[in-house]
Amino acid sequence: MSKSVMIAALSAGGGAALTAAMYSLRSTEPKKPDTQVATPAPSLAPTPPGPSTAGLPPAQVFPSTPAAAPITPSAVSAPVNPAGLFEYGFPGPISDIASRSALISSYDRRLRNPQWVVEHITPASLAMRDGDRKNSNFAEDPAVPAKFRALLKDYFRSGYDRGHQVPAADAKWSQAAMDETFFLTNMCPQVGEGFNRDYWAHFEDFCRRLTVTYPSVRIVTGPLYLPRKDPVDNKWYVKYEMIGSPPSVAVPTHFYKVIFAEDGRAGGSVALGAFVLPNAPISNDKPITDFEVPVEAVERASGLEFATKLPPQRRKRLCADTTCALVIRDYADKQKAFAKGDRRSVSPPRS
């Protein structure tokens, strides 16, 4: 990528596109073929548990989450046994996986934010109107151990909205499904004015409008904590605010969405789109394409993998397959009505 393109990415994305571009520039060293295949020694250590699915009925355990790989000791005889510690419990990390009607989420206990939240929308699901946001309430998630939960009081007067990752408007097909989008495991601290109540809301609307073209749209949404270069020492640092008392909930620097727009045919094409937006006010006249990044950039920044089982011949680029543009709607009246309460700590009602 040329220097001029890098500068354009910085001006367009407020740091988000530049960081993503930085990740995309890193080449991966080719793997050298193994000259000798070693036979692994029999595992003497207990296998650590996989992600927590406590509280979920067996049929709803997330099917694609593999258990943690067994820890195999070296074939060399050693006078110590580190795996003996596991007799007292496995330290982790453990991701709390919740499988609910309208979403599946993976929760990060350390940062008190989701790592990712998956949803599926269709023309039929968006046409149903059995849920009303006025009947839903924000709630702490009882499926997460109490000492690791994000709490309602953590957001109170924090200056940040409780920002849905899967929006309530995507679950209007059922009141129960909509209620589940209000668990704090589906929330991150988001800047309110100019972002959660504005540009981010328009971006969520863009995702819903994709169902006009595509009969099935799947979306992964989550937070990022990206580095910024310090202008004084010219070094890169990851810096983010913590809210709560004691401070325990991290404020993401950015958010991503990876969109899978399916053509509806078995083995058909899938239009992929990845976007990274800064957690900051964004002008409504900025094109959403300014925040488009390669899927690999989100993978490198998040430590996650997307579409590893999707063959290249089935892939299309979303913004080449359809028009990626926001439709700006006026949420001002709803915001003013909602602002009679504590506007800084909650999200306003959105369609």
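Modeller: Happy to! Let's start with a cysteine: Cys188 counts as buried, because its relative accessibility is 0%. Keep in mind that this is a predicted model.

Biologist: Good to know. And Cys207, buried or exposed?

Modeller: Cys207 is buried, with a relative accessible area of 1%.

Biologist: How many disulfides turn up in the whole structure, then?

Modeller: The search finds 1 disulfide. Cys319 and Cys324 form it, and their sulfur atoms sit 2.1 Å apart.

Biologist: What's the handedness of the Cys319 and Cys324 link?

Modeller: The link is left-handed, with -100° about the S-S bond. Both Cys319 and Cys324 are buried.

Biologist: Switching topic: how many salt bridges are there in the whole structure?

Modeller: A search finds 10. As background, side chains of opposite charge can pair when their charged atoms come close.

Biologist: Nice. Which residue does Arg209 meet in a salt bridge?

Modeller: Arg209 pairs with Asp205, at 3.2 Å from N to O. Both belong to helix α7, which covers residues 199–209, and they are 4 residues apart, about one turn of the helix.

Biologist: And Asp205, is that one buried or exposed?

Modeller: Asp205 is buried, because its relative accessible area is 4%.

Biologist: What does Asp321 form a salt bridge with?

Modeller: With Lys316, where the closest N and O atoms are 3.6 Å apart. Asp321 is partly exposed, at 35% relative accessible area, and Lys316 also counts as partly exposed, at 40%.

Biologist: Last one! Where does Arg100 lie?

Modeller: Arg100 is in the loop between β1 (95–99) and β2 (104–108). Arg100 is buried, because its relative accessible area is 14%, and the cut-off for buried is under 20%.

Biologist: Which residues does Arg100 touch?

Modeller: Leaving aside residues up to four places away in sequence, Arg100 touches Asp141, Ala143, Glu180, Phe183 and Thr185.

Methods:
Residues are numbered from 1 along each chain as its sequence is written. This is a predicted model: local features need pLDDT of at least 70, side-chain atom pairs count only at pLDDT 80 or more; totals for chains, interfaces and linings use all residues. Side-chain values use heavy atoms; hydrogens and water are left out. A salt bridge is a side-chain nitrogen of Lys or Arg within 4 Å of a carboxyl oxygen of Asp or Glu. Helices (H or I, at least four residues) and strands (E, at least two) are DSSP runs, numbered from the N terminus. Buried means under 20% relative accessible area, exposed over 50%, partly exposed in between (1.4 Å probe, protein chains only). Contact means heavy atoms within 4.5 Å. A disulfide is a pair of cysteine sulfur atoms within 2.5 Å.
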